[in-house]
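Welcome! Please take a look at the sequence and the 3D structure below, and keep both in view as you read this briefing.

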Amino acid sequence: MASVLAMLATILVGSPLWAAEPEAAALVSTLARPAPARTPYTEVRFASMLDRPLILHGELEYLGPGKLGKRVDTPYQEVTTIDGSDVAIKRGSGEVRHYSLNQAPEMEGFLRGFSALLGGDAKTLAADFDLKSSGDASAIWTLNLTPRDARLRRRIASIDVYGSGNTPRCFATSEADGDTNILLVDDLASAKLPTRFAPTIVLNLCRSKKSAQ
């Protein structure tokens, strides 16, 4: 297992302590994974500026709180490494570029949520997101994350995590501008997708207990 993305970095001393609903907290506690954890992924990006979705394939690597690696193998080669607030990106044989995670709130939000999920840390996750869970924790379930921070809400409306048992299988990010990004991991990373489709088709895979082959 693996998948998506420094959780405590932007929580200030004196910030209120938020509590997750009991069902959501219990679910998150089952998702903890020891680092390092790796998983292949398929990422499907639906954007208004594209006439068809962009599909990426590669591998995610969770190295502990605030540390994540993401390698894109197709349709291009790119390696992104996140360590704390530093982001390093190398595209193909080009030079490594560095920038601060604070410049990309959508990536920052996903990383913080992803790190807390894989740490099984519901308390930390609830500090940045309103949490709601639905479904059967022993079968198919959904965990909805709504950002508390106004700056992040300007970029991300919500993140829905779909899973089965104690394994997340999809991370669906709804952006404030209407674009959607869906990350398929674990057994869904090898899903065979059509060249033209709507987000609902991919989300149906996320909600299905069957592996998409």
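In this predicted model, E78 is buried at a relative accessible area of 13% (buried means under 20% relative accessible area, exposed over 50%, and partly exposed in between, with a 1.4 Å probe and protein chains only). E78 forms a salt bridge with R91, and their closest N and O atoms are 2.8 Å apart (a salt bridge is a side-chain nitrogen of Lys or Arg within 4 Å of a carboxyl oxygen of Asp or Glu). Because E78 sits in strand β4 and R91 in strand β5, this pair ties together parts 13 residues apart in sequence (helices, H or I with at least four residues, and strands, E with at least two, are DSSP runs numbered from the N terminus). R91 is partly exposed, at 45% relative accessibility.

- Side chains of opposite charge can pair when their charged atoms come close.
- The structure holds eight salt bridges, and those that share partners join E43, R45 and K70 into one network.
- R38 pairs with E61, with 2.5 Å between the closest N and O atoms; R38 is in strand β1 and E61 in strand β2, 23 residues apart.
- Both are partly exposed: R38 has 45% relative accessibility, and E61 has 21%.
- D73 and R71 form another bridge, at 2.7 Å between the closest N and O atoms.

**The disulfide**
- There is one disulfide, joining C170 to C206 with an S to S distance of 2.2 Å (a disulfide is a pair of cysteine sulfur atoms within 2.5 Å).
- C170 belongs to strand β10 and C206 to helix α5, 36 residues apart.
- C170 is buried at 0% relative accessible area, and C206 is buried at 1%.

**One side of a helix**
- In helix α1, the buried residues are A24, L27 and V28.
- They are on the same side of α1 because they cover an arc of only 95 degrees around the axis (taken from the directions from the helix axis to the C-beta atoms).

- The mean pLDDT of the protein is 82, and 87% of the residues reach 70 or more (pLDDT is the predictor's confidence in each residue, from 0 to 100).
- Over residues 1-17, pLDDT stays under 50.
- Where pLDDT is low, the predicted coordinates should not be read in detail.
- Residues are numbered from 1 along each chain as its sequence is written, and side-chain values use heavy atoms, leaving out hydrogens and water.
- Local features need pLDDT of at least 70 and side-chain atom pairs count only at pLDDT 80 or more, while totals for chains, interfaces and linings use all residues.

Technical notes: Contact = heavy atoms within 4.5 Å.
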